[in-house]
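Colleague: I'm new to this one, could you walk me through it?
Modeller: Gladly, let's look at it together.
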Amino acid sequence: MSDDRPILGIETSCDETGVAICGPEGILAETLHSQVALHAAHGGVVPEIAARDHVARLLPLTRQTLESAGLAPQDLGAIAYTAGPGLVGALMVGANLAAGLGYGLGRPTLPIHHMEAHLLAPQLDTPDLQFPFLALLVSGGHSLLVQATSLGRYSVLGDTLDDAAGEAFDKVARLLGLPYPGGPPLARLAESGDPERFAFPRPMLRRKDLDFSFSGLKTAVSICIDKLGANLTDQDKADIAASFQAAIIETLVTKSRAAVAQTGIDKFVIAGGVGANTELRRQLDDGAAADGFSVYYPRPSLCTDNGAMIAFAGWCRRSQASSELGETQARPRWSLEDLAPPNDAMAADRD
Ligand code: KG4
Ligand code: ZN
C-alpha cells in the first residue's frame, strides 16, 4: 500500500494504552491511558493486570481517537500495532484488535518494533532530523545505544548486561522508600543531596565497549543503606539519591560520547522515560558542546510510551503493510538488528 490514507497506531507493550492516527501532515489525534496507578501498589508492572487493563481501555480509546480526528474506521488505510518487544499478554491485546479491525475493514496490518518507534519519534517534532543518527534509548525495560543508518537499518552499539537504567532508578528508589515509578521522585530528592558524598561505582566505564551494567550499582546502594541502618536521616537519603544519580548519569553520558567518537556521527537522539531526567540532559548538553555534536530531545510525551510513535512508525513503513488479513504477531523478544528496510527503500537501495 502506498496511498496517503491515515494510519491507526496501537501501543500496548507494557503499562500504557496508546492509540493515535498519523496522516501526511503528522499526528491527527491521539489518546493515552497510563496504568501507573494500578501497578504502583505492587512496586512494578504486573503483566496480568496490564493485559486486562488494555482489554478494558483499548476499544474506547480507539473510538475516541477516531472521533477526535473526525474519521470513520473506513477512512483508515492500515492498522499499525506494537508487535514487540514487550509483555506477551499485553502485546496480544493490541495485536488482536489490529487483526480484527484489519479483517473487518479489509485493511492491512503493520507489525511495529517498539524500539524502532522510539527511535523515529523525534522526527515527528524535528522533520529535518535525517539519518544517520545515534540514539540512547533508556526506559524501564531498555538501555540501548543504537546507530540508525537508515529506516530499518540499525546496529546496537551497546546494551545493558542486566538491569535497564529506568529499572535501576526504580529499584534504588524503592530502597529509599520512594513510590513507583521511582525515577521522578528520586531525581527530585537528588536535588537536595550531595552527589559526591558516596563514591558509588561507575559500572563498565573502564571497558572499551559500549555496554552497560547497573545491578552492581544498585547493590552498592543497598549495602550503603544497610550500613547506615536505623540512623538513616532524610539528608542521608538525599545524598544517596544524588550520588546514585551522579554515577548512573556519568556512565550513560560517557558511553554516549564514546559512541559519537567511535562512529563520527554528530546527531544524537535521546528517548525513553529516563530521557526526561534533567541532570542527564544537562550533562549530555555539556558533553555535546565540548565534543561538537547536536542532541535532539523529543518532547516528554513522546519520550515515554505512546500511540503516536506507533502510528508514525506505521506511516514510515506503510509500503510494507501485510496483505494477509487477520495476521497477528506478538514477539516478547525482538532485536532491532533483525529489522529490515521496507520494500520500497530496499528497491531504492538497489537502484
Ligand atoms: O519509557 P518509559 O515511560 O516506559 C518504559 O519503561 O517503556 O520509562 C519509564 C522509566 C521508569 O523506570 C521511570 O522510573 C523512568 O523511566 N523515569 C525516570 C525519570 N522519569 C521517568 N528516570 C530518571 N529520571 C526521571 N526524571
Ligand atoms: Zn517504550
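Modeller: Two strands pair if DSSP finds at least two bridges between them, and strands are DSSP runs (E, at least two residues), as helices are (H or I, at least four), numbered from the N terminus. This is a predicted model, where local features need pLDDT of at least 70 and side-chain atom pairs count only at pLDDT 80 or more, while totals for chains, interfaces and linings use all residues. Residues are numbered from 1 along each chain as its sequence is written, chains are lettered from A and ligands numbered from 1 in the order in which they are written, and side-chain values use heavy atoms, with hydrogens and water left out.

Colleague: OK, how many bridges join strand 1 to strand 2?
Modeller: Strand 1 (residues 7-11) and strand 2 (residues 16-23) run antiparallel and are joined by 5 bridges; Leu8, for instance, has Ile21 in strand 2 as its bridge partner.

Colleague: And in what order do the strands form the open sheet?
Modeller: The order is 3-2-1-4-5, with mixed pairing among the 5 strands. Strand 3 (26-34) and strand 5 (109-113) each have a single partner strand, so one side of each is left without a neighbour in the sheet.

Colleague: Switching topic, what coordinates the zinc ion (ligand 2)?
Modeller: His114 (NE2), His118 (NE2) and Asp305 (OD) do, at 2.0 to 2.1 Å, donors being N, O and S atoms within 2.8 Å of the metal (3.2 Å for Na, K and Ca); water is not among the atoms, so sites may look incomplete.
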